[in-house]
Amino acid sequence: MYISKLSIRNYRNFRNVSLAFQKGVNTIIGENGSGKTNLLYALRLLIDDSLPRNVRLYESDFNRTLTSWSGHWIIIQVEFEELSTSEEAQAMTMHKIGNMNEYDSTKGSYALIFRPRDAKRKELYDYSQQENKTKEGLQEILNSIELNDYERIFRGRGNVDFSLDDNYKEYVGDFDNIVFPDPDELQEDVYGTKPFGFSFFDELSCTFVKALRDVEADLRSYKDNPLLNLLRGKEKSIDIAQKQSIENTVNSLNEEISNLREVQDISHGITDSIKQAVGETYAPNIDIKSELPSDMERLLQSLKLWVGDPDEIGYNGRIWELSLGGANLIYLSLKLLEYEKVKSVDKIANFLLIEEPEAHVHTHIQKTIFQKLNSRNTQIFITTHSTHISSVSKISSMNILSRADKHAVVFNPSNGLGTVTALERYLDAIRTNLLFAKGVLLVEGDAEQILIPELVKKVFGVTLDELGISLVNIGSTGFENVAVLFHDKRIRKKCAIITDLDTSILPLPADENNDTNEQRGCRNSQKSGIDRKNRLDTFCKGNIWLDVFYADYTFEVDFLLAGNSNEVISLVENQYKQQKRIDDISDKFKNEDIAISGKEILRLADEKFGKGWFAIMLSEHINHLTFIPDYIINAIAHTSQHISDKVLFEMAKYRLKALIEMAYEGYSIDYNSLLQAASESEKIEDRINIYKDNLPNDQLTKFINAVEINRLIG
């Protein structure tokens, strides 16, 4: 038996989400603030008996996208698959849809529902039946609902997913159209039934390992110390004779300490002082006694961990002497051991919840911990924002949380893909950052990987990381193998493919039989470019999350043609010593015939230096006056509709300040005055418009216009 689905409605930052889970290890990844902790807590409310059974929910627990929380329900549901035939498991079997007397014996459900009590729900239903109902009248009823009017109930066997809007409107209420169900109609096949004579919590084992942020405090704590949890009850298994011997030894030690002359002197001194103060009649009898615990249970609780780093053989110290990463590793190990202790074959299911195990633990340990987790007879849920853990996680058992406006959205990257083994092997720690990004650029060469981030940083004054954009070099892997992740069914984030058309830089004869060897190579590349375009255009057709942006020729040629001959000539001047050779190469770059200039830059990139090294050297000569090719500007804009106008204006300020220091040759614009005018405008959109109106042909203006177009088309 395992949890196959978790649905959450209106709880904290989850407005309406549904997560699919697999047997074994499940990974939930997401950026900070995306709701990973909230998600685990929601799950724990259903399966973790270490939480109080009467955990209260408050107004602040309702999702903030609700105009008003009153009247709405919080619903947390889990669905199970592969139920055993045991009586306990069958108590959760789901009703067949429309028939509460028939069950699907292999599937089950359990839900926490936080809703108004019958009287208030009846009041809402009665009002919805009136012909003259109004929104004002509904609001009056909603305003009368207080948190004390709510009930928290657990139900099993329901078969409706309330994270779906249509289901919520039908079975909870349509607040816009003032339609509410009759609470007198129990509809137990929808909401589920109360499991009489059956304690769901008692039939499960669940261990929660919280994020490792204050390990030292927990290891000192009586309540949360996993070492004490492991020791509790062990005194019962100690041999009686051995136990009695230890307790007698402690009692003797207490007596010996109490009888020390120094201790007795203080005891007598206190007695004499009191007698002098109040007299013999009223003076209490005073003695000092050692109270080392002789009870075996308390003695075991006094045990402490002594630890040492692996490179300090022979030395052990207290836990706070160990590195923070080492302490976290010990804590996690203790919690896993504690879990093994409570896990039981007698339970109908075993669950292990681990929150962000990567804290203060270096890369190799992160991967090792994840890969060595024993999932036998256990379902494991791990939340993380570590690219290293993500890189060894299976796409098929992964859910991605992402932040939206006041709520979280969930992506299932393997939904509808079938076998994803090759993709899982490909996504190493470097490439898995695309799973955390707000937008993704896919490139296929080292030159693009090196130069595009540098172009954005030097020309716009921000990094791709600041924009929340990941650039991934797919190398020899086909674009489709990775881009397939970005789809309405899977990861709903913008992804731009950047590639080349490889149009021939040489004029080609009409009859390819007349090609020279050089022309034949250009023609074959051009044919491949056309085939690539047809294939990718077909692949992306109808997918709003995915688009392709083509260089007419190749990245290096299009970079030169964008107006960047000065940057390339500067590189040549640094790398060549003979002035005549420098002049010859520079003249070729200035030639308007692409057959000459294009051929020369490809010679340098492909033959002289190699594309990667050529890009590294070229990056040293990029500045704010360098031109970003239009197709790259449009690709970045496609992935940037999430960025705010505030960020765009910060880019504008950077551009203006850079132009104040060094402007384009021949420009007569007063950049100081333009910066002042834009900065003094009250509205952020007016500031941006001032920049665009005064610099209509500037690269940033092109970028802003493209971003605004992408915002409109969604």
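Two strands count as paired here if DSSP finds at least two bridges between them. With that in hand, let's look at the sheet in this predicted model.

Take β3 and β13: the two run parallel, and 4 bridges join them. One of the residues involved is Thr-27, whose bridge partner in β13 is Met-398.

That pair sits within an open sheet of 6 strands with mixed pairing, and the order reads β8-β11-β12-β3-β13-β14. What do β8 and β14 have at the edges? Each has a single partner strand, so one side of each is left without a neighbour in the sheet. From one strand to the next, the twist averages 15°.

Helix α1 packs on this sheet, and its direction makes about 155° with that of β11. The helix touches β3, β8, β11, β12 and β13. Here are the residue ranges for some of the elements involved:

| Element | Residues |
|---|---|
| Strand β3 | residues 25–30 |
| Strand β8 | residues 204–209 |
| Strand β11 | residues 349–355 |
| Strand β12 | residues 379–384 |
| Strand β13 | residues 398–403 |
| Strand β14 | residues 408–411 |
| Helix α1 | residues 36–47 |

Now for Arg-53, which you'll find in the loop between α1 and β4.

Leaving out residues up to four places away in sequence, Arg-53 touches Arg-152, Ser-199, Phe-201 and Asp-202. Phe-201 is 148 residues from Arg-53 along the chain, yet their C-alpha atoms are separated by 9.3 Å.

Definitions and conventions. Residues numbered from 1 in each chain as written. Predicted model: local features only at pLDDT ≥ 70, side-chain atom pairs only at ≥ 80, totals over all residues. Heavy atoms only, no water. Axes fitted to C-alpha atoms, helices over the stretch in contact; angles between N-to-C directions. Contact = heavy atoms within 4.5 Å.
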